[in-house]
Amino acid sequence: MAAIILSLLVLSLSLFTVISSSSLPGLQILQAERQIDLTSHIVRVYLTLKVENIEDDPASTVLLAFPPAQFDRLALVKAVVTVGKKRKKSYVPLEVNPTEQPSSPNGTKYYAVSLLKPLLKGETTTLELVYILTHSLEPFPVEISQADSQLVYYHDSAIILSPYHIKQQATVVRHPVTRSNHSHKLNPLTAVVMN
């Protein structure tokens, strides 16, 4: 059992993003913060999205995009919205359901988060999401002797996949050890989108 304990972590974050004019109209994400928790064999991802409606039509749902490999490993997707301020703040659960989009690039799959009330033009809301991934940590190498340390490999994108334009985003990865065999530290990225 001790051989299964994650003693070293191999972390690989690939820089994968689709920057194009094909983002869905209506909403934009002002700020996105993602924390990937690799401290156990189940990967927990905490995502905070500050969403703004920039169209005239009210928006009643927010789409969450996942690459096909991650979508197939999702065990749980939950969302809440914060209501109130400071000491009187509470969290109200939101309905989350898988949905299909006809023009999804590269097999991207979606979940739809239903908002409590439709967002009018210029209004913002903050969503707190958690999703759990199973079978996402791969042993590296697959077989070891009992005396060896078990390494694991985790593959994800440093950029949050979204059907909406994201103005500012951050990704933080927590892992159980202070020393990592290999990881990527990315410098801030500025992208210019030409229409």
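# Notebook: loops, rings and a pocket

I started with H135, which is exposed, with a relative accessible area of 67%; exposed means over 50%, buried under 20%, and partly exposed in between (1.4 Å probe, protein chains only). I was working on a predicted model, where local features need pLDDT of at least 70 and side-chain atom pairs count only at pLDDT 80 or more, while totals for chains, interfaces and linings use all residues. Residues are numbered from 1 along each chain as its sequence is written, and side-chain values use heavy atoms, with hydrogens and water left out.

**Backbone in the loops**

I looked up the backbone of H135 and found a phi near 55 degrees, a positive value in a residue other than glycine. H135 belongs to the loop between β8 and β9. I took helices (H or I, at least four residues) and strands (E, at least two) as DSSP runs, numbered from the N terminus.

N106 also has a positive phi, about 55 degrees, although N106 is not a glycine. The loop between β6 (90-99) and β7 holds N106. I noted a relative accessible area of 61% for N106, so this residue is exposed.

I then checked for cis peptide bonds and found one joining F140 and P141, with omega at about -5 degrees. P141 sits in the loop between β9 (138-140) and β10 (151-157).

**The chain as a whole**

I counted 1 helix and 13 strands in the protein chain. Along the sequence the order is β-β-β-β-α-β-β-β-β-β-β-β-β-β. Of its 195 residues, 33% count as buried.

I took contact to mean heavy atoms within 4.5 Å. Among contacts in the protein chain with a separation of 6 or more, 73% come from residues 24 or more positions apart. The accessible surface is about 12300 Å², and 53% of that area belongs to carbon and sulfur atoms. The areas come from the Shrake-Rupley method with a 1.4 Å probe, and for residues only the protein chains shown count as cover.

**Aromatic rings**

I paired rings of Phe, Tyr and Trp (its six-membered ring) if their centres lie within 6.5 Å; planes under 30 degrees apart are stacked, over 60 edge-to-face, and the rest tilted. By this rule I get 3 aromatic pairs. F66 and Y111 make an edge-to-face pair, because their ring centres are 5.9 Å apart and their planes stand at 85 degrees. F66 is in strand β4 (residues 59-66) and Y111 in strand β7, so I logged a link between distant parts of the chain, 45 residues apart. Both F66 and Y111 are buried.

Y111 also pairs with F71; I read this pair as tilted, with 5.4 Å centre to centre and 40 degrees between the planes. F71 lies in helix α1 (residues 68-71) and Y111 in strand β7, so the pair ties together parts that are 40 residues apart in sequence. I recorded relative accessibility of 18% for F71, which therefore counts as buried. For Y111 the relative accessible area is 14%. F66, F71, Y111 and Y131 form one aromatic cluster.

**Two residues and their contacts**

I moved to Q70, also in helix α1. Q70 is buried, with a relative accessible area of 12%. Not counting residues up to four places away in sequence, Q70 touches Y131, L133, Y154 and D156.

I picked T171 in strand β12 (residues 169-174) next. T171 is partly exposed, with a relative accessible area of 25%. With neighbours within four places in sequence left aside, T171 is in contact with R34, I36, A158 and I160. I noted that T171 and A158 are 13 residues apart in sequence and 6.4 Å apart in space, C-alpha to C-alpha.

**The second largest pocket**

I looked up the second largest pocket, which holds about 420 Å³ of space. It has 17 lining residues, and those closest to its centre are V81, T82, T124, T125 and T126. On a 1 Å grid over the protein atoms alone, a pocket is an open set of points where a 1.4 Å probe fits, with protein on both sides within 12 Å along at least five of seven lines; lining residues have an atom within 4 Å of a point. Grid points are joined across faces, edges and corners, and the volume is the space filled by probe spheres set on them.

I found that β5 (74-83), β7 (109-119) and β8 (124-133) each supply at least two residues of this lining. The lining divides into 7 nonpolar, 5 polar and 5 charged residues. Ala, Val, Leu, Ile, Met, Phe, Trp, Tyr, Cys and Pro count as nonpolar, Asp, Glu, Lys and Arg as charged, and the others, Gly among them, as polar.
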